[in-house]
Amino acid sequence: MQRKGTFSKWKSYHYTLENGLLMEFKRDNLSKPLEVLRLDECEVKEAKLLTGESNSLAIFAPKKNPIFLRTSTHSSMIEW
């Protein structure tokens, strides 16, 4: 999946979901996450209007800038 910060370019990252925690890794073989978010504290919304990209969503976490994600297919975006 690809991630975009508020003012950055799309970059590829690996994500796992365990016990309600979304963990972001630079590559899929790393053990230390770059970011950990508790999804029960976040709001996930479709973000096509915010990013101008199809298959994109936004994660709004308290006291953090939104995280924009882009999936490869519409069905994988809907799963989120």
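Predicted model: local features only at pLDDT ≥ 70, side-chain atom pairs only at ≥ 80, totals over all residues.
A residue is called buried when its relative accessible area is under 20%, exposed when this area is over 50%, and partly exposed in between. With these cut-offs Glu41, at 47% relative accessibility, counts as partly exposed.

One part of the fold is an open sheet of five strands, whose order is β2-β1-β8-β7-β6 and whose pairing is antiparallel. At the edges of this sheet stand β2 (11–12) and β6, and each has a single partner strand, so one side of each is left without a neighbour in the sheet. The partner of β6 (residues 43–46) is strand β7 (residues 56–60), and the two pair in the antiparallel sense over four bridges. Within this pairing, Glu46 stands opposite Leu57 in β7. In a regular strand the side chains alternate between the two faces of the sheet.

Another set of pairings is built around β4 (21–25). Strand β3 (residues 14–18) pairs with β4 in the antiparallel sense over five bridges, and Glu18 stands opposite Leu21 in β4. The two strands β3 and β4 form a hairpin with two residues between them, and in the turn Asn19 has a positive phi of about 50°. Strand β4 is also joined to β5 by four bridges, and these two strands run antiparallel; here the bridge partner of Met23 is Val36 in β5. Because four of the five residues of β4 are buried, this strand is largely enclosed by the rest of the structure.

The charged side chains come next. Side chains of opposite charge can pair when their charged atoms come close. The structure holds six salt bridges, and one of them is formed by Glu24 and Arg3, whose closest N and O atoms are 3.2 Å apart. This pair links distant parts of the chain, since Glu24 lies in strand β4 and Arg3 in strand β1 (residues 2–4), 21 residues apart. Are the two partners buried or exposed? Glu24 counts as buried because its relative accessibility is 4%, and Arg3, at 18%, counts as buried as well.

Arg38 forms a salt bridge with Glu41, with the closest N and O atoms 3.6 Å apart, and Arg38 counts as partly exposed at 44% relative accessibility. Arg38 and Glu41 are also linked with Asp40 in a network of salt bridges. The side chains of Lys45 and Glu43 meet in a further salt bridge, at 3.3 Å from N to O; Lys45 counts as partly exposed at 41% relative accessibility, and Glu43 is partly exposed with a relative accessible area of 42%.

Two patches can be picked out on the surface. Lys9, Lys11, Lys26 and Arg27 gather in a patch of positive charge. One of its members, Lys26, has its place in the loop between β4 and β5 (35–38) and is partly exposed, with a relative accessible area of 41%. A nonpolar patch is formed by Met1, Val44 and Trp80, which together have about 220 Å² of accessible area.

Notes: Residues numbered from 1 in each chain as written. Heavy atoms only, no water. Patch = residues over 30% accessible without salt bridge, like charges linked within 9 Å, V, L, I, M, F, W, Y side chains within 5 Å. Areas by Shrake-Rupley, 256 points an atom, 1.4 Å probe, with all protein chains shown as cover. Salt bridge = Lys/Arg side-chain N within 4 Å of Asp/Glu carboxyl O. Lys, Arg positive; Asp, Glu negative; His and termini not counted. Charge placed at Lys NZ, Arg CZ, Asp CG, Glu CD. Buried < 20%, exposed > 50% of the residue type's maximum accessible area, 1.4 Å probe, protein only. Pairing = 2+ DSSP bridges.
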